[in-house]
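Hi,

Here is the structure I promised to pass on. Please open it first; my notes on the packing follow below.

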Amino acid sequence: MRKLLGYILTPIFYVFFSIPLLIFHPIQWLCLKFGGYAVHKKSVDILNLFLTLSYYCLFNTVKFIDNKNIPTDRPIIFVANHQGTFDIPPLIFFLRRFHGKFISKIELAKARIPSISFNLLHGGAANIDRKDPKQSIAEILKLANNMKQKNWSAFIFPEGTRTKTGEMKSFSVGGIATLLKKNPNALVVPVVINGSYLMVKYGSFPLRPFTKMSWEVLDPIPTEGLNPEEIVHNAEQIIRAKVKV
């Protein structure tokens with residue numbers, strides 16, 4: 001029955017998910033051209049609110065447990081498990097006060113996806129070519145410098161790819177180590193994502209309705225006296241203990 005309802009509701013979802021992407025593409029361009037970074041960012045925040053609300057077309061629920069104790073006076077490295085594409089809009093919207101940027105595959109930036117590709121190209125993301133280590137390092141260093149100079153933050157999925165089963169993969173250290181080297185005062189904050197992989201349990205069509213999804217921002221983890229490998233290991237263990245499969 002759930003899958004049958006998915007066939008009915010998924011087209012409705014894709015309409016409501018696509019309309020903001022199409023509408024906000026020219027809005028982003030106008031905001032960036034005439035208002036600069038600050039106005040462009042507000043347009044991206046509003047876009048991701050609409051994208052998040054579209055999940056309710058499937059009668060899916062979004063539970064975002066924020067952490068108001070995290071300061072905004074220093075860069076934050078948000079480290080999260082990665083369950084799917086739909087992980088991203090709630091992170092951008094609910095944590096918008098941190099000016100978080102993603103480390104993303106360059107293919108997405110070049111794909112000409114309305115709104116998404118534009119924001120990746122012009123919003124401060126690190127768009128890395130996994131086949132070109134020098135380019136990847138340069139992009140991450142550029143993001144790290146912006147974090148230091150502009151008090152931006154970063155979202156990073158250290159698994160490197162999304163899971164199809166909810167089972168976490170091991171975290172890699174590279175990107176986090178580079179960000180920490182340039183921003184030793186940055187806080188490392190784990191984010192636990194649960195249930196979003198179930199939204200694509202049947203694939204991209206039909207999507208799974210009546211899915212409970214949650215995002216939980218935990219307290220910063222201690223980093224003093226620890227090397228990047230130890231920090232990432234601790235973050236992985238904290239997140240793994242809270243992931244439900």
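This is a predicted model. I started with the cores. The largest nonpolar core has 34 residues. Phe 13, Tyr 55, Phe 78 and Leu 91 have the most contacts inside it. At least two residues each come from helix H1 (2–53), strand E1 (61–65), E2, helix H2 (88–94), E6 and strand E7 (212–217). H1 gives the largest share, 8 residues.

Take a look at Phe 78. Leaving out residues up to four places away in sequence, Phe 78 touches Ile 70, Leu 95, Phe 98, Ser 153, Ala 154, Phe 155, Ile 156, Val 189, Val 191 and Val 217. Another core, of 26 residues, lies apart from the largest one. Its members include Ile 77, Val 79, Ile 156 and Val 192.

Next, helix H6 (residues 174–182). Which of its residues are buried? They are Gly 175, Ile 176, Thr 178, Leu 179 and Leu 180. Their cover includes strands E2 (76–80), E3 (100–105), E5 (153–156) and E6 (187–194).

Now the H5–H6 pair. The two helices pack at an angle of about 40°, and their axes are 9 Å apart. That angle is why H5 counts as oblique to H6. Their crossing is right-handed. On the H5 side, the contact involves Ile 140, Leu 141, Leu 143, Ala 144, Asn 145, Met 147 and Lys 148. On the H6 side are Gly 175, Thr 178, Leu 179 and Lys 182. By class, this contact has 6 nonpolar, 3 polar and 2 charged residues.

Best wishes

Note on methods:
Residues numbered from 1 in each chain as written. Predicted model: local features only at pLDDT ≥ 70, side-chain atom pairs only at ≥ 80, totals over all residues. Heavy atoms only, no water. Buried < 20%, exposed > 50% of the residue type's maximum accessible area, 1.4 Å probe, protein only. Helix = DSSP H or I, 4+ residues; strand = E, 2+ residues; numbered from the N terminus. Contact = heavy atoms within 4.5 Å. Axes fitted to C-alpha atoms, helices over the stretch in contact; angles between N-to-C directions. Parallel < 35°, antiparallel > 145°, perpendicular 65-115°, else oblique. Left-handed = near helix turned anticlockwise from the far one by under 90°. Nonpolar A, V, L, I, M, F, W, Y, C, P; charged D, E, K, R; others polar. Core = buried A, V, L, I, M, F, W, Y, C linked by side-chain atoms within 4.5 Å.
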